[in-house]
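Please look at the chain shown below.

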Amino acid sequence: TLLFKYGVNLVKKVPIVLNADIAFASGFDLTGDYKLDPDSIVVVGPDIVASKVTSVQTETMKLNDVKSNISRTVKLKLPNSNKDLKFSLSETQVVATVEKYTEGTLKIPVSVINIPKNMTVNYFPKEVVVVYYTSLKHFKDVSANDFVVECDFSVANQQPYLTPKLTKTSKLVKSAKVN
C-alpha cells in the first residue's frame with residue numbers, strides 16, 4: 001500500500017511586512033517610506049494551506065543612532081510548520097532615505113467657518129503659531145500659505161471659545177501642530 005497526499009496546488013502572491021525597530025540619531029529622520037525589493041513573495045502549496053497565508057513578515061531589523069540612508073538585506077520569517085509550502089525567496093532588500101530634520105514655526109491666520117448668516121463673530125487671536133517638522137532640504141520651501149487653520153463655529157456648543165484645527169498641511173512637512 002502506498003499512501004501519499006495530493007490536491008490542487010495554489011500559487012499565490014502575498015505582501016512582505018517589514019518589522020523594524022529603528023532609532024534615529026538626534027536631528028535625523030526617515031523621508032518617505034521604507035521600500036522593500038521585492039515587496040511580495042510567491043507562495044506555492046496545497047490550496048487548503050497556502051490560502052491561509054496572507055502575508056510574510058521580516059525578521060526584526062534593529063538599528064540604532066541612524067544618520068545615513070538605509071540599505072539592508074533582511075531575512076523573512078517563513079513558516080517552518082508546514083513542509084508542503086514553497087516560497088519564492090527567503091530575504092528582501094530594505095531601502096530608506098534618511099535626512100537631517102529640523103523644527104520650524106510660522107504664524108498662520110485663523111478663519112472661522114460655519115458662522116450663521118445673522119451673526120458676527122469677533123475672535124482673538126487672529127493668528128496662531130504652527131510648529132512643523134521638516135527636512136533641512138525643504139525648510140526654506142515651507143511657507144504660511146501651505147497651512148490652513150480653522151475654527152468650526154457649528155461645534156462650539158455654547159462654549160465661550162473655539163478650538164483651532166489644522167485643516168491643511170504642507171506636503172513637505174512630516175508633522176505639524178497648532179501651538
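Which residue stands opposite Val56 in β5? Ile16 stands opposite Val56. This is a predicted model, in which local features need pLDDT of at least 70, side-chain atom pairs count only at pLDDT 80 or more, and totals for chains, interfaces and linings use all residues. Residues are numbered from 1 along each chain as its sequence is written, and side-chain values use heavy atoms, with hydrogens and water left out.

**Strand pairing**

- Strands here are DSSP runs of E with at least two residues, numbered from the N terminus.
- Two strands pair if DSSP finds at least two bridges between them.
- β1 and strand β5 (residues 56–57) run parallel and are joined by two bridges.
- β1 and strand β4 (residues 40–46) run antiparallel, with seven bridges between them.
- In β4, Val42 is the residue opposite Lys13.

**Backbone geometry**

- Most residues other than glycine have a negative phi, and most peptide bonds are trans.
- Asp37 and Pro38 are joined by a cis peptide bond with omega about 0°, and Pro38 sits in the loop between β3 (28–37) and β4.
- A cis peptide bond also runs from Phe124 to Pro125, with omega near 0°; Pro125 belongs to the loop between β9 and β10 (127–135).
- Asp65, in strand β6 (residues 61–66), is not a glycine but has a positive phi near 55°.
- Asn114, in the loop between β9 and β10, is not a glycine either, and its phi is positive at about 60°.

**Exposure and contacts**

- Buried means under 20% relative accessible area, exposed over 50%, and partly exposed in between (1.4 Å probe, protein chains only).
- Asn114 counts as partly exposed because its relative accessible area is 48%.
- Val110 lies in strand β9 (residues 91–113) and is buried because its relative accessibility is 9%.
- Leaving aside residues up to four places away in sequence, Val110 touches Tyr123, Pro125, Lys126, Glu127, Val128, Val149 and Cys151, where contact means heavy atoms within 4.5 Å.
- From C-alpha to C-alpha, Val110 is 53 Å from Ser51 in space, and the two are 59 residues apart in sequence.
- Tyr6 is in the segment before β1 (9–17), and it is exposed because its relative accessible area is 76%.

How values were computed:
Helix = DSSP H or I, 4+ residues; strand = E, 2+ residues; numbered from the N terminus.
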